[in-house]
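Thanks for coming. I'll show the structure and then go through a few of its parts.

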Amino acid sequence: MRKNTIAALLLGATFAFIVYACKKDGATQQKDTAPVPQDVIAKIKALGFSSSGVRAAEGGWLVEGDILLTAENLSEASTSANLRIAETEQYRTNNLVKSLPRQITVKVMNLGPAFVSGADLAIARYNAQNLQLTFRRITSGKADITIKGFYQGPSGGFITLGSAGFPTRNGNPYSTISMNTHEQAYGANPNVDYVGSVIQHEMGHCIGFRHTDYMDRAFSCGASGAGNEGASNVGAVHIPGTPTGPDAASWMLACSNGGNRTFNANDIVALNYLY
């Protein structure tokens with residue numbers, strides 16, 4: 001998920017300590033200038049994703065702001081015959097989490113209390129839907145989804161708030177959510193509702209949801225973020241029962257509104273249809 005930073009305000013000198021603390025606690029530095037091999041660019045284009053702003057990230061390549069494409073994604077052929085492009089509805093990927101009912105464990109690694117509380121908030125929001133898929137935060141052992149930090153400033157008028165990938169072919173959720181600890185992402189005193197809303201969004205990717213406005217990101221990102229993400233090999237399968245008109249409050253819009261955003265009525269329909 002991204003936030004438009006063109007009109008963002010710098011919040012003061014106290015950032016120096018906060019940023020240092022986040023980096024010291026394990027957040028990694030991600031480089032905007034990491035070279036992207038031409039064969040990777042070609043594969044990304046062939047899949048229908050935009051190659052603009054692609055950058056290397058741990059585990060693969062970050063495209064469209066917050067979507068992590070792994071080497072498996074780049075080489076996997078589509079098996080779906082139900083791809084719908086250029087509409088505004090709820091969409092899922094070809095792969096979903098399997099072996100339902102199932103509990104997914106989540107661990108927050110070396111991040112501040114707002115990220116821990118934000119994870120708890122996101123988990124509570126999913127669990128309140130009484131789905132066959134539930135979540136539980138753990139503090140030790142191996143988790144199904146690990147939330148960790150990275151540190152990266154704005155680029156092109158946007159800042160990446162978080163990123164994640166899609167479920168694997170064997171039916172497991174994507175295993176990592178990366179949250180930006182840069183001062184212009186959440187500020188010196190992160191709002192738990194805001195952080196939790198972004199984690200909730202990235203968890204949506206992990207279990208197979210595409211962006212609601214994937215067909216035209218300008219809906220939530222503005223003109224500078226316009227573009228169709230494409231169905232690609234990961235799929236953009238319409239979820240029956242969701243509307244065809246714009247859905248301004250959806251939790252899976254590509255860009256954040258800078259505040260609290262949870263499931264709306266159509267999101268709940270989509271969640272219940274899949275899980």
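What is the handedness of the link between cysteine 221 and cysteine 255? Before I answer, note that this is a predicted model. The link of cysteine 221 and cysteine 255 is right-handed, with 95 degrees about the S-S bond. The two sulfur atoms are 2.1 Å apart, and a search of the whole structure finds one disulfide. Cysteine 221 sits in helix α7, residues 218-221, while cysteine 255 is in the loop between β13 and α8, so the pair ties together parts 34 residues apart in sequence. Each partner counts as buried: cysteine 221 has a relative accessibility of 4%, and cysteine 255 has a relative accessible area of 2%. Cysteine 206 is buried too, at 0%.

Next, helix α6. Helix α6 covers residues 192-206, which is 15 residues, and spans 21 Å from its first C-alpha to its last, close to the 21 Å expected at 1.5 Å a residue. After α6 comes glycine 208, with a positive phi near 115 degrees. How much of α6 is buried? The count is 13 of its 15 residues, so the helix is largely enclosed by the rest of the structure.

As for isoleucine 207, leaving out residues up to four places away in sequence, it touches Leu96, Val97, Tyr126, Leu133, Phe135, Pro167, Leu271 and Tyr275.

Asparagine 180 is in strand β12. Is asparagine 180 buried or exposed? Its relative accessibility is 0%, so asparagine 180 counts as buried. What does its side chain reach? The side chain of asparagine 180 comes to 3.0 Å from the backbone nitrogen of histidine 182. Setting aside neighbours within four places in sequence, asparagine 180 is in contact with residues including Phe115, Phe150, Gln152, Thr160 and Tyr186.

That is what I have for today.

How values were computed: Residues are numbered from 1 along each chain as its sequence is written. This is a predicted model: local features need pLDDT of at least 70, side-chain atom pairs count only at pLDDT 80 or more; totals for chains, interfaces and linings use all residues. Side-chain values use heavy atoms; hydrogens and water are left out. Helices (H or I, at least four residues) and strands (E, at least two) are DSSP runs, numbered from the N terminus. The expected span of a helix is 1.5 Å times one less than its number of residues. Buried means under 20% relative accessible area, exposed over 50%, partly exposed in between (1.4 Å probe, protein chains only). Contact means heavy atoms within 4.5 Å. A polar contact is a pair of N or O atoms within 3.5 Å; within protein, one must be able to donate a hydrogen and the other to accept it, and residues adjacent in sequence count only if both atoms are side-chain atoms. A disulfide is a pair of cysteine sulfur atoms within 2.5 Å.
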